[in-house]
Structure formats: C-alpha cells, structure tokens
Amino acid sequence: MMGLMASEEIRTMTPPTVRSSAAHDAGKRGGPSTHAWPKRLLVLGIVLSALNLRPAITSLGALLEEVRDGLGMSGSAAGLLTSVPPLCFALFGVMAPRLARRFGPGAVVCAGMVAIATGLLIRPYAGGTAGFLAASALALMGIAVSNVLMPVIVKHWFPDRVGSMTGLYSMALALGTSLAAAVTVPLTDALGGSWQAGLALWAGLAVAAILPWLPFVRGRVSAPGAEPEREERQASASADPAREEAPRLRITRSRTAWALAVFFGLQATAAYITMGWMAQIFRDAGVPAGTAGLLLAVTMAMGIPLAFVIPRLATRLPHQGPIVLALGVCGLAGYAGLYLAPAAGAWAWALLLGVANCAFPLALTMVGMRARTGPGVAQLSAFAQSTGYLISIPGPLLVGVLYQHSGGWGLPIALMSALMIPQMVVGFLAGRDRTVEAEAGR
C-alpha cells in the first residue's frame with residue numbers, strides 16, 4: 001500500500017513554478033530544469049526545515065527530568081513520551097506521498113513547518129501529560145511528512161548531487177539537533193528557570209522555516225490544470241523512461257527495501273534512545289544538568305561534519321557495508337563506556353555515540369542510491385522510513401521500563417548494545433549494489 005501511494009505522488013512531484021520550463025528543457029538536459037532563484041530558495045528551505053526536524057526531541061531530552069517533575073510523570077510514562085516520535089513518524093510519514101500528490105511537496109513541507117511551530121508553542125502550556133503528548137504529536141506530524149519528502153525533493157531537483165545535497169540536509173539536521181541539546185538548559189536558566197519557556201522558544205525557528213516554502217504553496221494552488229499534468233508526464237517520460245514502470249513496482253518484494261527498512265528502524269531506535277535518555281544517564285552518574293545537556297549536544301554535533309562527509313563517501317563506494325560496520329563498532333564501544341565508567345569517560349562516550357548516530361545520514365543516502373528513478377526513491381523512502389519508525393517504537397519505551405524496574409542503567413545499556421548487532425548485519429545487506437526496481441519491478 002505504501003509503495004502504491006508513493007508511486008501516485010510522483011506524477012505531480014515537479015514543482016509547480018517550473019512545470020512549463022521542465023517540459024521544454026527536459027529533453028535537452030535529461031531532467032528537471034528551473035530558474036536559479038527557485039532552486040536557491042529551495043536550498044534555503046531544505047536547510048531551514050532540516051534545522052527543525054529534531055529540536056522538538058532533543059530540547060525535551062535536555063529537560064526531561066524537569067518535565068517529569070512538572071507533569072508528575074513516572075519512568076514508564078517518560079519512556080512512552082520518548083516513544084512518541086517514532087510512532088508519529090511511522091503513522092504520519094506514510095501519508096506524505098499522498099499529501100504531496102494532492103497539494104504539492106512544497107505545500108506539504110510548509111504545512112509541516114506550521115505544525116511544528118504550533119505544537120512546540122502550545123505543548124508546554126497544554127496542561128497535564130495528555131495535553132503535552134497531543135501537542136508533541138502535532139509537532140511530530142509536521143516532522144514526519146518532511147522526513148519522508150526531503151529525499152524525494154533532493155532526488156528530483158538535484159539528481160546529479162544526491163550525495164552533496166543529502167550531506168547538506170543531514171548536516172543542518174545534526175546542527176539543529178545539537179544546538180537544541182546544548183542551549184536549551186542555559187536558555188531555560190536565562191528565562192528564569194521555566195522549562196515551559198525553554199521548550200516553547202524553539203517554535204521561533206520553525207516559524208522562520210515556513211517562509212521559503214510560501215512561493216511553492218502559491219504556485220501549487222494556482223496551477224492544478226490538466227494541461228500541465230500532460231506536459232509533466234511527457235517531460236518525465238522523455239527524461240526517464242523507467243518512470244513508466246512505477247505503478248508495477250511492489251516495494252515489499254524487494255529484499256533490499258526490507259534490509260534498508262530494518263536498518264533504518266534499528267538506527268532510529270538507537271538515536272531516539274540516545275536523544276531521550278543519554279542526558280539522564282549522565283545526570284544519574286553525577287554529571288551536572290548543564291554538562292549532561294552539553295554532552296548530548298556533543299553527541300549530536302558529531303553529525304555536523306560527518307553528515308556531510310559520509311554521504312559523499314558512500315556515493316563513491318559500490319558497497320556501503322564497511323561504513324555500516326565502522327559506525328556499529330563505535331556504537332558498541334560507546335555503550336561499553338557508558339556501562340563501565342559513565343562519568344569518568346563521559347566526553348569519549350559522547351563522541352563515540354555521536355559517530356554511531358551518523359547511521360542516519362547514511363541510511364538517507366542509501367535510500368537515494370538503492371533506487372534508479374524518482375518513483376523508486378519515493379516508494380523506498382516512504383516504505384523504509386514508515387516501516388523503520390514502526391520498528392523503533394518499542395525501544396525508548398522499553399528502556400524507560402527497564403530503568404524504572406531495575407533501578408539502574410545496566411539492563412537498558414545491555415539492550416542498546418544487543419540491538420547494535422542486527423543493525424550492523426542488515427545495514428551491511430542494505431549497502432549492496434542493488435536497486436529496488438530490479439528486485440520489485442516485476
């Protein structure tokens with residue numbers, strides 16, 4: 001079902017502001033063309049949107065203890081709270097291709113930024129755990145649709161620069177992640193110690209991300225006619241005859257798609273456990289709250305340079321498996337350190353886990369590499385991310401339950417370490433030089 005939904009979306013994926021020029025130039029250039037200013041505006045929109053895709057989570061991780069005390073949450077309830085992001089990403093991410101087909105990808109991403117801004121603004125003041133969860137879900141819904149559409153937009157607008165643009169997008173995502181982790185506690189202190197104000201301030205960044213997408217929203221509303229649709233289909237066919245095969249692609253038949261989905265799910269499990277609980281692990285080991293938030297920021301900040309380097313390296317290799325294994329070894333070493341000496345070697349463990357978390361930009365890059373066409377990328381992105389986030393849901397919740405009932409971090413860290421092994425196995429399989437069209441196109 002997800003594959004069919006994603007294939008439908010591609011018929012209207014060409015940005016509305018450039019439909020006519022795409023039809024005119026596709027044959028000469030072999031792909032979508034556009035004037036310079038929409039493409040530059042799109043780059044700005046991608047970067048600002050990426051900056052907003054994790055602060056809703058890492059800002060909460062830095063203040064989780066204060067939020068728990070303020071709302072009267074138990075450890076299990078806090079574990080549920082850290083499981084909400086992957087649940088929302090799985091449920092709402094699968095809707096992204098259909099929404100993009102109906103309204104245009106620019107309009108959907110713009111609406112996603114509006115949802116993020118609204119959810120972040122109201123969740124600290126919603127009153128009670130239920131209201132906090134509902135407002136968080138609104139913000140996470142906006143993140144979910146943007147998560148799925150970003151690889152599709154990059155593949156369509158920048159087909160010859162998938163590695164570079166994925167690296168830029170991933171680098172901005174890592175920057176937003178680490179920035180929220182690093183400055184949320186100091187800003188909260190500067191605002192009088194109110195955790196509500198410390199969480200709500202991140203709505204301003206989401207408001208800024210709305211603006212670059214507005215021209216694309218206006219263009220989509222004014223140009224839904226039948227003739228542009230025919231021009232686009234003709235342009236797409238001349239640019240890439242394989243697009244005609246999209247309706248016959250059954251993504252669930254692809255072993256590579258399943259391997260990539262499981263890899264995405266396991267790396268997401270590790271990432272959300274890290275974002276939701278790592279600061280608390282350090283605080284329980286005697287590290288001050290501000291330093292614990294800074295350690296989490298260091299972990300997230302490792303993705304800033306590596307998120308740009310790893311996708312570029314991955315696109316130059318026929319097999320991305322060795323990168324998967326190297327990241328996994330760093331993760332195992334970081335978990336061992338958290339277990340043996342969480343406070344004494346805190347900075348080293350933060351760095352190692354930061355390297356391991358760069359499995360996320362690698363997974364995004366492989367989404368673009370494991371499909372030959374735009375329809376294939378859309379279907380694979382929706383399938384891998386939605387299925388992957390479903391797989392990742394139990395992890396943060398289980399960590400919270402184990403922590404509450406065992407009274408320590410031994411069992412949760414053992415769980416994190418155990419999950420790294422299958423992540424390395426399926427990631428190695430997903431890194432093979434295969435395409436989903438070859439496996440599922442029949």
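1. Basis. The model is predicted, so local features need pLDDT of at least 70 and side-chain atom pairs count only at pLDDT 80 or more, while totals for chains, interfaces and linings use all residues. Residues are numbered from 1 along each chain as its sequence is written, and side-chain values use heavy atoms, with hydrogens and water left out.

2. Fold. The protein chain has 24 helices and 0 strands; these are DSSP runs numbered from the N terminus (helices H or I, at least four residues; strands E, at least two). Of its 442 residues, 59% are buried. Buried means under 20% relative accessible area, exposed over 50%, and partly exposed in between (1.4 Å probe, protein chains only). Among contacts with a separation of 6 or more, 84% are between residues 24 or more positions apart, a contact being heavy atoms within 4.5 Å.

3. Surface. Areas come from the Shrake-Rupley method with a 1.4 Å probe; for residues, only the protein chains shown count as cover.

4. Nonpolar patch. Leu-325, Ile-421, Val-425, Phe-428 and Leu-429 make a nonpolar surface patch of about 390 Å². Patch residues have over 30% relative accessible area and no salt bridge; nonpolar side chains (Val, Leu, Ile, Met, Phe, Trp, Tyr) are joined within 5 Å, like charges within 9 Å. Helix 23 (residues 410-430) gives the largest share, 4 residues. Leu-325 sits in helix 18 (residues 321-340) and is partly exposed, at 33% relative accessibility.

5. Met-302. This residue is in the loop between helix 16 (289-301) and helix 17 (303-315). Beyond its neighbours within four places in sequence, Met-302 contacts Leu-351, Gly-354, Val-355 and Cys-358.

6. Salt bridges. The whole structure holds 2 salt bridges, each defined by a side-chain nitrogen of Lys or Arg within 4 Å of a carboxyl oxygen of Asp or Glu. One pairs Arg-283 with Glu-66, with 3.4 Å between the closest N and O atoms. It links distant parts of the chain, as Arg-283 is in helix 15 (residues 255-284) and Glu-66 in helix 5 (residues 64-71), 217 residues apart. Arg-283 is buried at 17% relative accessible area, whereas Glu-66 is partly exposed at 28%. A salt bridge also joins Arg-434 and Glu-439 (3.9 Å, N to O); Arg-434 is partly exposed at 37%.
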